[in-house]
Amino acid sequence: MTAAPFPATLAPVKRIPLWRRYLRRPLGVVALAVFAVVVAVAALASWLAPYDPNFVDFAITHAPPGNGHPLGGDSAGRDILSRLLAGAQTTLYGAVITCVAGLVLGVPAGVSAGYFGGATDRICSWISDALQSVPGMIVLLVVAAGTGQNFTVLMVALGVFLAPGYYRIARARALAVRKEPYIDAARVAGVTNARILRTHMLRAVYAPIIVQTALTAGIAIGMQAGLQFLGIGSASTPSWGQMMNDGFQNMLTYPLILLWPSIALGVTIAALAFIGSTLADLVSVRVELPTRRGVARVRQALEAGTSSGTHAHQAADCALRIENLRVGYASPTGVKKVVRGVSLDAAPGEVLGIVGESGSGKTQTLFSVLDLLPPGGTAVADGIWVGGEEVSRRSPKERAALLGRSIGYVPQEPMTNLDPCYPIERQLAEPLRHVHGLSKAEARQRARDILVRVGITDPDRVLAAYPHQISGGMAQRVLIAGAVAGRPSLLVADEPSTALDVTVQAEVLELLRELQREYGMALVIVTHNFGVVADICDRVVVMKDGRVVETGPVEQIFRRPADPYTAELISASLDDAEGRDELDETWLDRRTAQEGAR
Ligand SMILES: Nc1ncnc2c1ncn2[C@@H]1O[C@H](COP(=O)(O)OP(=O)(O)OP(=O)(O)O)[C@@H](O)[C@H]1O
């Protein structure tokens, strides 16, 4: 089959950069501004400080704020403001050293462990676990003693202890990405491991690593202050931890000496924590649930919509009837209308094909009936009838009760629609027990019978198997079995054969047709393939841009398409075939023969 005609122009995909999305978060912006002030203060400390931070003037010992010393003097007669500014420099320098050490050790190790697995993974994970189980503070005190309290070495050592945080995140991301087909494709294309690691893997880990760095910096600053508080580090290098130690010893008599470094430390750590959590929010994929106002806005935009498409049956005779369905999503630029007034119907015993190019709104139409629209999707219709009953005004709970009883659904991707954690028997029997009230034994028997009916020759093995133990074609048969097990009056199938190979495709379509006849169901099948339409459908609805272009019996649509778009779609479907006209005739002749046989 040839794909539907490709649009001449494509709307540009607008990606909003991370920093711009960040600037939309007020809390994140405030935290960033505070941190920027701390960085600026640290960078300009030597210019901003009114005195040398180590200059001692006994006249200002324990002095309160004032007299040219805005924050007063400490217990050794040094200007607190000057020491606080110089301490910011020490603090940030230490945090940078710690984060760099953690990054350099943790990220490459995590990415390699996740990508290569095996011994690399075991060894790296063992080291990471060992580092986490060692009491870090004690080792840092030993390192301080052994290195003459060298601050830089101490911060590198702290980075080593924080590296497992980076390692775990990088490994988990790399493990997930390693299984992606594009990694296999890169390997098959001859791309070296080193290049895959540098490009695909590092790209996949960078967002969570940025988040982790903000959080690690906060932790590093806190631990650094703790070490300095314990007296680690050179006495001539001003630091917030040292200042807190001084303030702690005079806490009852001169509490302000403790207050200033505590505020500086608390504000800096809090700013980093908020930056980290804002970034975490932005990089994690979260389903944003629409607000009531958002839904109301979409509903309002969908109010005015003219119907497209025709009905062939009376409402009471239909297994499915949709009248003027509109579906929309809230988007940054307004409301995106993806279905714009679709009307169609299908009677029991009839096969209705919904056909159209990719993005024409076929699946959204079906999902509206099945209540499967993703969060943010809003459907409005003049009416939706299932089995002659209007359901669009019923509660979601009542509509959900129709699924499994009145409506069966066969999805496009067989494998992803089966839970890998449970054997097939459980997945088939569960709805039969809980929706249809069958006993365990009855449900198992029904599941077994229906598997036999859908052409599975060894039902007992399949019932005991997990999804990964059966083929894609078998999985699709299992899903069809599940969909028809409750004897619904309407079977809805979304591209049920697309994910299968050609021979299996034909068998699955034939099976659907047989079951539809046997159970007298209406079958509504979504496809972009006119071959499928010609093979099994009685009537067809052609969709484009969320609207129905034309509706009619298959033969009429094939012989005399009323709309040029339909003619173009049929032509595109048959382009690759040997002689379009002959194939048209072949299909039509075959259909006529089938009709005669029925
Ligand atoms: N969650 C969503 N948010 C916004 N737009 C969406 C969402 N899901 C689908 N759409 C849009 O709805 C339109 C119709 O999608 P739909 O899946 O119904 O197309 P389709 O005709 O079934 O195509 P295909 O054959 O490729 O599945 C598309 O433009 C799609 O981008």
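Helices (H or I, at least four residues) and strands (E, at least two) are DSSP runs, numbered from the N terminus. The model described here is a predicted one, in which local features need pLDDT of at least 70 and side-chain atom pairs count only at pLDDT 80 or more, while totals for chains, interfaces and linings use all residues. Residues are numbered from 1 along each chain as its sequence is written, and side-chain values use heavy atoms, with hydrogens and water left out.

**A serine in a loop**

Ser308 is found in the loop between helix H12 (292–303) and strand E1 (320–331). Because its relative accessibility is 6%, Ser308 counts as buried, where buried means under 20% relative accessible area, exposed over 50%, and partly exposed in between (1.4 Å probe, protein chains only). Leaving aside residues up to four places away in sequence, Ser308 touches Gly341, Val342, Ser343, Arg547 and Val548, a contact being heavy atoms within 4.5 Å.

**Around the ligand**

There are 13 residues around the ligand, and Ser358, Gly359, Lys362, Thr363 and Gln364 come nearest; a residue is near a molecule if one of its heavy atoms lies within 4 Å of it. The residues of this shell divide into three nonpolar, six polar and four charged, in a scheme where Ala, Val, Leu, Ile, Met, Phe, Trp, Tyr, Cys and Pro count as nonpolar, Asp, Glu, Lys and Arg as charged, and the others, Gly among them, as polar.

Some polar contacts (pairs of N or O atoms within 3.5 Å; within protein, one must be able to donate a hydrogen and the other to accept it, and residues adjacent in sequence count only if both atoms are side-chain atoms) are as follows.

| Residue | Part of the residue | Distance to a ligand oxygen atom |
|---|---|---|
| Gly359 | backbone N or O atom | 2.8 Å |
| Gly361 | backbone N or O atom | 3.0 Å |
| Thr363 | side-chain N or O atom | 2.6 Å |

Taken alone, the ligand exposes 640 Å², and the protein buries 66% of that; such areas come from the Shrake-Rupley method with a 1.4 Å probe, and for residues only the protein chains shown count as cover. Strand E2 (334–346) and helix H13 (362–370) are the elements that give two or more residues to the shell around the ligand, and H13 gives the most, with three residues.

**Charged pairs**

Side chains of opposite charge can pair when their charged atoms come close. A search of the whole structure finds 20 salt bridges, each being a side-chain nitrogen of Lys or Arg within 4 Å of a carboxyl oxygen of Asp or Glu.

In one of them, the side chains of Arg171 and Asp121 meet at 2.6 Å, N to O. This pair links distant parts of the chain, with Arg171 in helix H7 (residues 151–178) and Asp121 in helix H5 (residues 118–133), 50 residues apart. Arg171 counts as partly exposed because its relative accessibility is 24%, whereas Asp121, at 13%, counts as buried.

Another salt bridge joins Arg426 and Glu430, whose closest N and O atoms are 3.4 Å apart. Here both residues lie in helix H15 (residues 424–434), four residues apart, which is about one turn of the helix. Arg426 is partly exposed at 42% relative accessibility, and Glu430 is partly exposed at 38%.
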